Amino acid sequence: METPKNGISRRKFIALGAVAAGGLALASHMGYINDTTEKIAKPTLTPTPAKWKNEELTVAWLGHAGFLINFYGTKILIDPTFYERIGLTPLGNYTIGMKRYVASPLTAEQVGKVDLVICSHAHTDHFDYPSLRTMQSPDTAVVTAKGTRSLWEGLNYRTIDEMHWGDEKKYPGGLKVKAIEGEHWGARLPWNKEMEANSILLSKNGVNIFIGADTGYTEKFQQQLREVEIELAIMGIAAYSPKSFEARHATPEQAIQMAEEMGAKKILPMHWGTFKLSQEPMEEPIQRFNQAMAGKMDKIALQEIGATWVKS
């Protein structure tokens, strides 16, 4: 059975799974993917969402680009990846792809039902089918990037809202979501050129959080966020090596620069330490980040998987 016009057939997708497996094996051999056979490490910290207060803004890092947020009573899940691997899923939830270095500090079951799931773009480290299938609920809304609605076929969510750069939407409880243009691309497979990638602005009760998702350095953020007071900027700091990757993934120093240019009060470094997606050593991004933040460490919201930041 064919998917909608911009999708692909299941038969073709299964065939692509075999091709992907060969490609991933080659990438591993070349050193782009370190598919370690070592036991996945347990995070040292575990969020406790059952204890969170609806009168507070609470943000927990679930590893890579995944976040669980209680935004003054609105429960939001960003780019979830709960399981051992990310990659293509040609048969059910069987995943061909990269293995985690650090386990998710919460399971999907521990997260429970959320009000809103946001997927910044369709790359498999941000749009993980097994996680999204587990989280589906007729009471949960979805925000997804322009051109990606076909990927949600068969999933049971209340609403699925495609958002293009500049689009805004209000959700129950007073939450406002705005799609922001960065420097990335969103094709899940090479021919999905219609699929975009979003950065996200979340606003409620006069407080604004910026989620950079994947992006290279750009002045577009400060241009789009003029006169917006950013309480917290969540910025990717890894996957910048080799040098050609920098165009779509900022270095730690560039991530800090963008946060400062938009006037963010706090910065939260993410997209490092969970999956091996590029050539820089696993710990290099956070080491460079901390070196660049010397003298202003009080501006760092958190930097450990499973850690939680709270604003009353």
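Student: Hi! Let's start with the rings. How many aromatic pairs does the structure hold?

Tutor: Hello! There are seven aromatic pairs in this predicted model.

Student: Take Phe-71 and Tyr-72. How are their planes set?

Tutor: Their planes stand at 45°, with the ring centres 5.8 Å apart, so this pair is tilted. Edge-to-face would need an angle over 60 degrees, and stacked one under 30.

Student: Buried or exposed, those two?

Tutor: Phe-71 and Tyr-72 are both buried.

Student: And what about Trp-152 and Tyr-157, how do their rings meet?

Tutor: That pair is edge-to-face, because the planes are at 85°; the centres lie 5.5 Å apart. Trp-152 and Tyr-157 are each buried too.

Student: Which residues do ring pairs link into a cluster?

Tutor: Trp-152 and Tyr-157 belong to it, together with Phe-127 and Tyr-129.

Student: Nice. Switching to charges over rings: what lies over the face of Tyr-171?

Tutor: Lys-169 does, at 5.6 Å from the ring centre. There is also Arg-288, whose charged end sits over the ring of Tyr-240, 4.9 Å from the centre of that ring.

Student: Let me stay with Arg-288. Which residue forms a salt bridge with Arg-288?

Tutor: Glu-284 is the partner, and the closest N and O atoms are 3.6 Å apart. Both residues lie in helix H6, which covers residues 284-292.

Student: How many residues apart are they in H6?

Tutor: They are four residues apart, about one turn of the helix. In general, an α-helix has 3.6 residues a turn, so residues three or four places apart point the same way.

Student: How accessible are Arg-288 and Glu-284?

Tutor: Arg-288 has 25% relative accessibility, and Glu-284 has 24%. Both values fall between the 20% and 50% limits, so each residue counts as partly exposed.

Student: Which residues are buried in H6, then?

Tutor: Pro-285, Ile-286 and Phe-289 are buried there. They cover an arc of only 90° around the axis, which puts them on the same side of H6.

Student: What covers the buried residues of H6?

Tutor: The cover includes H5 and S14.

Student: Back to salt bridges. How many does a search of the whole structure find?

Tutor: It finds 14 salt bridges.

Student: Where do Lys-265 and Glu-231 lie? I'd like to look at that bridge next.

Tutor: Their side chains meet at 3.4 Å, N to O. Lys-265 is in the loop between helix H5 (252-261) and strand S14 (266-270), while Glu-231 is in the loop between helix H4 (220-224) and strand S13 (232-236). The pair therefore ties together parts that are 34 residues apart in sequence.

Student: What is the relative accessibility of each end?

Tutor: Lys-265 is partly exposed, with a relative accessible area of 41%. Glu-231, at 11%, counts as buried, because that value is under 20%.

Student: And Arg-85 with Glu-84, what is the N to O distance there?

Tutor: The salt bridge between those side chains has an N to O distance of 4.0 Å. Arg-85 is partly exposed at 24% relative accessible area, and Glu-84 is partly exposed at 43%.

Student: Last one: which residues are linked in a network of salt bridges?

Tutor: The network links Glu-181, Glu-183, Lys-220 and Arg-248.

Terms used:
Residues are numbered from 1 along each chain as its sequence is written. This is a predicted model: local features need pLDDT of at least 70, side-chain atom pairs count only at pLDDT 80 or more; totals for chains, interfaces and linings use all residues. Side-chain values use heavy atoms; hydrogens and water are left out. Rings of Phe, Tyr and Trp (its six-membered ring) pair if their centres lie within 6.5 Å; planes under 30 degrees apart count as stacked, over 60 as edge-to-face and the rest as tilted. Buried means under 20% relative accessible area, exposed over 50%, partly exposed in between (1.4 Å probe, protein chains only). A charge sits over a ring if NZ of Lys or CZ of Arg is within 6 Å of the ring centre and within 35 degrees of the ring normal. Helices (H or I, at least four residues) and strands (E, at least two) are DSSP runs, numbered from the N terminus. The arc is that of the directions from the helix axis to the C-beta atoms. Contact means heavy atoms within 4.5 Å.
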